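Have the sequence and the 3D view open as you read.

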Amino acid sequence: MAASVREKQTVALKRMLNFNAPPLKNTVAEPVWKVLIYDRFGQDIISPLLSVKELRDMGITLHLLLHSDRDPIPDVPAIYFVMPTEENIDRICQDLRNQLYESYYLNFISAISRSKLEDIASAALAANAVSQVTKVFDQYLNFITLEDDMFILCHQNKEVISYHAINRTDIQDTDMEGIMDTIVDSLFCFFVTLGAVPIIRCPRGNAAEMVAEKLDKKLRENLRDARNSLFTGDSMAAGQFSFQRPLFVLADRNVDMATPLHHTWTYQALIHDVLDFHLNRVVLEEGAGAEASPAGARPKKKNRRTYDLTAADKFWQKHKGSPFPEVAESVQEELDTYRAQEDEVKRLKSIMGLEGEDEGAISMLSDNTAKLTSAVSSLPELLEKKRLIDLHTNVATAVLDHIKSRKLDVYFEYEEKLMSKSVLDKSLLDIISDPDAGTPEDKMRLFLIYYITAVQAPSESDFDQYKKALLDAGCDLSPLNYIKQWKAFTKMAANYGNSGVKPMGLFSRVMNTGSQFVMEGVKNLVVKQHNLPVTRILDNLMEMKSHPETDDYRYFDPKMLRGSESSIPRNKNPFQEAIVFVVGGGNYIEYQNLVDYAKSKQGKKVVYGCSELFNAAQFIKQLSQLGQK
């Protein structure tokens, strides 16, 4: 896995945008101008990987949704990137009939069936457009990469494969088959793009096992069919730098129900928990902040601002896994360094005679215009730096407001103690009944974690007392109904290792008076490294440790000719590369935990994937739907 999954998926997309020919390096020629047509699925796959500017550099002048009203552009080739669904195919046939474009390059996100291909062929014949349909490709890109080492299956229609969908009591076998096929189709695409056939391990008797069986079968069938196998040929040669195959561990969300509800303390996970953050984009509602509107004035319309947190953002790459207090401090430091350079910016602007100019306009100037001599080539760079500092100042301030108004530091510390079974200094009832501490949802999360991790369930009378306190605090008790059934069914108090937090004293010391962030009264907590259940399972399987938790995990090797049913690994060496996939949904807390784990092991690579990415609020919602039945 020399190149990361993100790089491989990006290369595959660029290849597709270049009419499925490898993009030529450093050619001076203009790119061929073309139109990109995608559906929502395609949009979600492309948007975390390629910016509009990169698309333009590839010659994409227009990018449009398939189901929007599009005008004909008869002398331009069109590249389609869509799912092979019934309605998409109909729309493509309609485009052919209306002769919208000069030529059509059809790329399907996952493999298209024979019958649907025939539909397109007959439509092309009828429209007399056979010669215009230049190429039809299966791209096998039906998954979304969010980080170098993280992917999710889909963002559109994610409720189809959600935790709620898999764990419904009234689910039909046929529905379950459908859900599993959807998941397997995406995982198959993932391994085709990765160019590797994994060794699969999974627990017995749950959804993860069904996924493993189906995936093993699908990989096996593809490897058998030597002529059309996707795992041979040039695409493989490029990817096979490492001789060892990756380990693929399938876990089920039910292994660990406390982590998705946990209040967290690292930057990326906090943003996902308290703000609107998906597909690497955060949306902030900017309320009327410091400047209060004059009496009698109409309330200001809330502005929505979106920020992309990308791989190019060095601050984000460095700090997304840091505890929040550290992030606030670093943003402040960056701001101070920038202020020191601000005079330089003013000086550069005056040299260029650009004092009053809009900053956006300046960053668009390329280095070779006459005004831009070497003295000023640093201006766009400085302005970009300022943009990133502003971005993180805004995002971190928004997060901080939530921490302060909901006392999230108290929750985090308390839950860490619950999960590590340490003694608590304040009774649970006090927090639940404290009107200032958090929202009803925060209280529910805290109580569910207590209930899930408790070795001994609370007595009936205590339980009723808690219930009453939760109701008084305005909580909806349906998630608790579900967790109660779940706990009776699983009979396990997951072991979270001896985690714990070290309070570092209050913030006021750390932060100087000139700081943007008023951290008064927020605890400066530092997270101690400990492995969450999913990380522990991975560690056992990757290092070939014997452990009661993972000893009966099943073992599949799709390359073995006879699929022998054995859980005895043939390979006794520890793995260097692993992919962990959680069926039923994942979160940034687990992702961060795995990243930290991989950092502590020399030369090991770990990728985290999940069927959907939810934060605690979305997870609670699914639990309450399950609890209402």
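## Ground rules

This is a predicted model, so to speak of local features takes pLDDT of at least 70, side-chain atom pairs count only at pLDDT 80 or more, and totals for chains, interfaces and linings use all residues. Residues are numbered from 1 along each chain as its sequence is written, and side-chain values use heavy atoms, with hydrogens and water left out.

## The whole protein

The protein has 22 helices and 17 strands; helices (H or I, at least four residues) and strands (E, at least two) are DSSP runs, numbered from the N terminus. Of its 629 residues, 52% are buried, meaning under 20% relative accessible area with a 1.4 Å probe, protein chains only.

Take contacts (heavy atoms within 4.5 Å) between residues at least 6 apart in sequence: 79% of them join residues at least 24 apart.

## Helix H15

H15 covers residues 408-419, and its twelve residues should span 16 Å at 1.5 Å a residue (1.5 Å times one less than the number of residues). The end C-alpha atoms are 16 Å apart, which agrees.

The helix is mostly covered, with eleven of twelve residues buried. After H15 comes Lys 421, with a positive phi near 55 degrees.

Notes. Buried means under 20% relative accessible area, exposed over 50%, partly exposed in between (1.4 Å probe, protein chains only).
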